[in-house]
Amino acid sequence: MDHVLSIADNYIFTPYVYPTSWPEDGALRQIITLWVLTNLGAELLYMGFGALSFYYVFDHKLMKHPYFIKNQVRQEIQLGMTAIFWMTFPTVALFFWEVRGHSKLYDNISESSLGWPGVFLSIAGFLFFTDMCIYWIHRCMHHKKIYKHLHKQHHIFKIPTPFASHAFHPLDGFLQSLPYHVYPFIFPLHKMVYLSLFIFVNIWTISIHDGDNRIPGPQIWMINGAAHHVDHHLFFNYNYGQYFTLWDKLGGSYRYPSALLQKGPHDHIRKLMKEAAQSQ
Ligand SMILES: [Zn+2]
Ligand SMILES: [Zn+2]
């Protein structure tokens, strides 16, 4: 985040916002700027990609499903935007710690002991580590003593739209995002790769809520897509994973997507429409 911070300082905050007497490396100034940038960035990513996905990918016929609740999209957006607002506070504490040089993030490929292969290895490591951690955090969120206090808010939406992607209790959302922030404090990672992965995970989270069940054939056994995640919303104790099906298979919670067996929400809508046409 130090590059983002210095670009924002150079072009906006130093010339137009803060008094010249306030140094750029002042702790409070950095915290305030990080909070503004993180909040704006995350809300824009959520609303921007959420809206693109809602209008161009999400099948609006799904809104006719009996499980689709009244004013659902408005509820999802309200919950999502509120969650991001509150999640930003603890997230900024981690970003601040990182900006102060306590992470293992590096600037140049030459700083990686393995060079370019090290960069690709770190991407694979990031995806594996965060997928594993999110699986177990998400599974804990379904424990009956925790569920009703936190994670239940995300499961109000049985037929999610892309806007459900960030619709969580703020503490639930933050705990599930924690692996992304913890990774660069444990493992080396290139700064631009980290920023790109941060954007990627937000888009991925939107994509598993978009109801688009197309997954390239050969990848169906290993990629956790929208078809898997809609079954998580419908049948609850299955498919907790984020990108891969690995931990669901190891943890005994894997369920082959009902949408791919022609028993998903789209099929239910088709059946209802056929019945309605026949009764006319
Ligand atoms: Zn869940
Ligand atoms: Zn979900």
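Let's start with helix H6, whose buried residues are Asp-172, Gly-173, Leu-175, Gln-176, Ser-177, Pro-179, Tyr-180, His-181, Tyr-183 and Pro-184. Buried here means that 20 or more other C-beta atoms, placed from the backbone, lie within 10 Å of the residue's own; exposed means 12 or fewer, and partly exposed is in between. Helices (H or I, at least four residues) and strands (E, at least two) are DSSP runs, numbered from the N terminus.

A word on the source: this is a predicted model, where local features need pLDDT of at least 70 and side-chain atom pairs count only at pLDDT 80 or more, while totals for chains, interfaces and linings use all residues. Residues are numbered from 1 along each chain as its sequence is written.

The buried residues of H6 pack against helices H3 (72–102), H4 (115–141) and H7 (191–207), and against strands E1 (105–106) and E2 (189–190).

Now look at the loop between H3 and E1, where you will find Lys-104. This lysine counts as partly exposed because it has 13 C-beta neighbours inside 10 Å. Lys-104 and Pro-184 are 80 residues apart along the chain, yet their C-alpha atoms are separated by 5.5 Å. Beyond neighbours within four places in sequence, Lys-104 is in contact (C-beta atoms within 7 Å) with Pro-184, Phe-185, Phe-187, Pro-188 and Leu-189.

Methods: Chains are lettered from A and ligands numbered from 1 in the order in which they are written. Two residues are in contact if their C-beta atoms, placed from the backbone, lie within 7 Å.
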